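User: I want to learn how to read strand pairing and helix packing from coordinates. Could you take me through an example?

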Amino acid sequence: MITLGKTKSVCPICMKVLTAKKCIGEDGIYLVKECDIHGKFQILIWEGTAAEYLSWGRENLSAETPVNPKIKEKSCPDNCGLCEEHERKGCCMILEVTKRCNMHCPVCFASAGECLENGDLSIDEIEKQYDFLMDHGGPFNIQLSGGEPTMREDLPEIIHMGREKGFTFFQLNTNGIRLAQEAGYARKLKKAGLNTVFLQFDGVTDDVYQTLRGRSMMELKEKAVLNCSEAELGIALVPVIAPGVNDMQVGDILKFAMDHMPFVRGVHFQPISYFGRCSQQRPQAPITIPKMLKLIEEQTDGLMKSEDFAGGGAENPYCSFHASYLKKGERELKLLEKKSGRGCCCTTSDDSRQFVENQWSYSTKKFDDDEMTQTDALDEFLIRVHNETFAVSGMIFQDAWNLDLERLKRCYICEVDSDYGMVPFCAYNLTNSKGIYLYRK
């Protein structure tokens with residue numbers, strides 16, 4: 001096999017750090033590594049030619065040094081918080097406010113739902129974590145997660161406290177059950193300062209939810225979208241895409257999202273990663289970026305094309321894809337200019353943080369027609385354009401099989417941990433072939 005480059009990875013069985021090569025194989029680009037105990041591993045990471053793989057990448061961008069890095073003894077990936085060698089200072093911080101959950105999904109990166117009592121982070125500890133983030137480069141975008149964060153009765157107070165600390169963007173990662181079932185709950189969260197709901201949305205039929213979530217949920221998802229829309233909350237639909245389960249519903253998910261604009265701001269695909277609790281077997285050909293873009297193009301009948309998309313700039317380009325469109329009519333989209341500095345192609349953590357805040361939020365500013373100035377008229381036009389933009393993006397998370405430490409060094413999505421500090425998402429949730437975590441207790 002012809003070698004395109006070298007990196008480091010881990011053995012998926014013992015998690016020992018290994019030298020790895022990126023090689024040209026029969027179906028695309030492979031990550032090849034060998035453990036002296038557990039043997040050789042060859043993992044498909046890109047379907048397509050070497051030229052296509054290389055063109056997706058970007059020139060090496062200048063690195064950012066994390067603010068007050070907590071970890072001095074560098075040992076990637078198992079001792080991070082962040083360290084001085086990390087190349088991003090952070091953008092989105094995942095704050096897990098509870099280990100409790102009202103579900104026990106067959107697929108869950110956090111293995112949530114095992115803890116029924118005493119699983120909440122104390123208010124004092126949450127305040128300490130807010131302060132820690134501000135001292136280490138904040139304000140960041142805050143993703144309130146778990147478990148299921150809506151299990152906490154004091155979630156509005158947690159959001160309000162974060163606003164008081166100076167954080168400007170709050171996203172709720174949720175299965176949507178409480179948002180669907182409790183009248184007025186979405187409005188309560190909006191009033192507290194919530195910007196966006198990142199709604200678990202794996203498909204448009206109940207058989208998909210039975211497989212990935214263990215129960216029928218489509219009616220609940222539709223009700224959650226309705227209640228969040230009435231509260232004027234921005235919504236991002238977040239599907240975990242698993243081969244043979246819902247990869248045939250990519251187009252249907254996108255259609256549902258566009259039909260529920262402007263409050264649904266877009267779709268953020270997450271091809272399944274094989275860490276945490278995962279009932280799905282890792283296939284020989286997992287869903288790669290080219291595969292995901294092919295599904296999008298084919299299932300939208302070319303409304304969205306593979307060539308519309310670009311890789312990340314602030315993060316490693318092989319971690320993500322993104323395109324932004326302006327909706328024109330029922331089934332017409334105009335691609336917004338694809339260039340560095342837009343969307344996932346932002347070149348700094350701060351640029352990316354601002355883009356995420358703008359794109360996933362719905363603008364609720366209103367104007368009085370009788371008193372509107374020329375400036376107001378321009379602002380209203382820009383707001384209407386903003387609310388008619390539609391983002392399609394995705395994140396290819398890494399597991400122990402395809403982990404690339406060069407990618408990990410540019411990660412700007414971090415889990416906040418009281419012991420370690422800020423840990424890159426893919427490291428924090430990394431598990432070996434037996435499901436044993438590297439970080440999680």
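This is a predicted model: local features need pLDDT of at least 70, side-chain atom pairs count only at pLDDT 80 or more; totals for chains, interfaces and linings use all residues.

User: What counts as a strand or a helix, and when do two strands pair?

Analyst: Both are DSSP runs, numbered from the N terminus: helices are H or I with at least four residues, strands are E with at least two. Two strands pair if DSSP finds at least two bridges between them. Here, S1 and S2 are antiparallel and share eight bridges.

User: In what order do the strands of the open sheet lie, and which are the edge strands?

Analyst: The order is S1-S2-S3-S4, four strands with antiparallel pairing. The edges are S1 (2–10) and S4 (39–47), each pairing on one side only. From one strand to the next, the twist averages 25°.

User: How many bridges join S2 to S3, and how many S3 to S4?

Analyst: Five bridges join S2 (residues 17–24) to S3 (residues 28–35), an antiparallel pair. There, Lys 21 faces Val 32 of S3. S3 and S4 are also antiparallel, with eight bridges. Tyr 30 has Leu 44 in S4 as its bridge partner.

User: What do the hairpins look like?

Analyst: Count the residues between the strands. The hairpin of S1 and S2 has six, and Met 15 takes a positive phi near 70° in that hairpin. The hairpin of S3 and S4 has three residues between its strands.

User: Now the helices. How do I read a crossing?

Analyst: Under 35 degrees counts as roughly parallel, over 145 as roughly antiparallel, 65 to 115 as roughly perpendicular, and the rest as oblique. The axes of H2 (residues 123–135) and H3 (residues 155–165) come within 11 Å and cross at roughly 30°. H2 and H3 are therefore roughly parallel.

User: What is the handedness of that crossing, and which residues meet?

Analyst: A crossing is right-handed if the near helix is turned clockwise from the far one by less than a right angle, left-handed if anticlockwise. H2 and H3 cross in the right-handed sense. For contact, look for heavy atoms within 4.5 Å. Ile 123, Ile 126, Glu 127, Tyr 130, Asp 131 and Met 134 of H2 meet Ile 158, Met 161, Gly 162 and Lys 165 of H3.

User: Where do H3 and H5 stand relative to each other?

Analyst: Their axes come within 8 Å and cross at roughly 20°, H5 being residues 185–192. That makes H3 roughly parallel to H5. This crossing is right-handed. H3 contributes Leu 155, Pro 156, Ile 159, His 160 and Arg 163 to the contact; H5 contributes Tyr 185, Lys 188, Leu 189 and Ala 192.

User: Which residues of H3 are buried, and what covers them?

Analyst: Buried means under 20% relative accessible area, exposed over 50%, and partly exposed in between, with a 1.4 Å probe and protein chains only. In H3, Leu 155, Pro 156, Ile 158, Ile 159, Met 161 and Gly 162 are buried. Their cover includes H2, S7 (141–145), S8 (170–174) and H5. Just after H3, Gly 166 takes a positive phi of about 110°.

How values were computed. Residues are numbered from 1 along each chain as its sequence is written. Side-chain values use heavy atoms; hydrogens and water are left out. Axes are lines fitted to C-alpha atoms, for helices over the stretch in contact, and angles run from 0 to 180 degrees between N-to-C directions.
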